[in-house]
Amino acid sequence: PPDVEQLGRSTWTFLHTMAAYYPEVPSYAQQRSMKTFLSAFSQFYPCNICAEHLREEMKSKPPKVESRWALGKWLCEMHNIVNETLGKDIFDCSKIDERWRDGPKD
Ligand code: FAD
């Protein structure tokens, strides 16, 4: 079976980076595509327990896809739910661009 920790780090890197470069003002087609992508992702993510948790969370907190900011914040909150479950530190969601797009200010 896959290494759930390594898979998780790589996948969060991909997801947060994708959100950081999502359009500021996505078209309706782009918004639909992102919803479809996230729904498919939650079915096929190759850690069954993780995918199950994610699908459960997405029922009460459906993805926000109306802007880059909204998607980034939604994903940050999803990741924080997992962090909390695993006893990891909660990430400050005002820092997602610094972490995943711009790098630290010098
Ligand atoms: P990770 O949690 O992988 O984080 C990587 C980096 O992202 C951090 O170093 C930090 O810089 C940054 N970061 C942290 N929090 C945030 C945030 N909220 N927003 C933006 N950036 C952030 N593991 C399980 O054991 N059980 C599960 O149910 C489970 N569910 C998962 C569901 C999904 C969708 C994914 C992608 C992973 C899941 N994992 C799960 C794996 C788990 O989340 C971690 O990836 C893994 O434990 C490795 O943790 P880490 O400490 O290296 O940092």
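Student: How many aromatic pairs does the count come to?
Tutor: The model is a predicted one. Rings of Phe, Tyr and Trp pair if their centres lie within 6.5 Å. By this rule the count of aromatic pairs comes to three.

Student: Are the rings of F37 and F41 stacked or tilted?
Tutor: A pair of aromatic rings is described by the distance of the centres and the angle of the planes. For F37 and F41 the centres are 6.2 Å apart and the planes are at 25 degrees. Planes under 30 degrees apart count as stacked, so the pair F37 and F41 is stacked.

Student: Which helix holds both F37 and F41?
Tutor: The two residues are four apart in the chain, about one turn of the helix. Both lie within residues 28-44, which is helix 2.

Student: Is F41 buried or exposed?
Tutor: The relative accessibility of F41 is 17%. Buried means under 20%, so F41 counts as buried.

Student: Are the rings of F41 and Y45 stacked or tilted?
Tutor: The ring centres of F41 and Y45 are 5.2 Å apart, and their planes are at 40 degrees. Stacked needs under 30 degrees and edge-to-face over 60, so the pair F41 and Y45 is tilted.

Student: Which residues do ring pairs link into a cluster?
Tutor: F41 pairs with F37, and F41 also pairs with Y45. The cluster linked by ring pairs consists of F14, F37, F41 and Y45.

Student: Over the face of which residue does R99 lie?
Tutor: A charge sits over a ring if CZ of Arg is within 6 Å of the ring centre and within 35 degrees of the ring normal. R99 is at 4.0 Å from the ring centre, over the face of W100.

Definitions and conventions: Residues are numbered from 1 along each chain as its sequence is written. This is a predicted model: local features need pLDDT of at least 70, side-chain atom pairs count only at pLDDT 80 or more; totals for chains, interfaces and linings use all residues. Side-chain values use heavy atoms; hydrogens and water are left out. Rings of Phe, Tyr and Trp (its six-membered ring) pair if their centres lie within 6.5 Å; planes under 30 degrees apart count as stacked, over 60 as edge-to-face and the rest as tilted. Buried means under 20% relative accessible area, exposed over 50%, partly exposed in between (1.4 Å probe, protein chains only).
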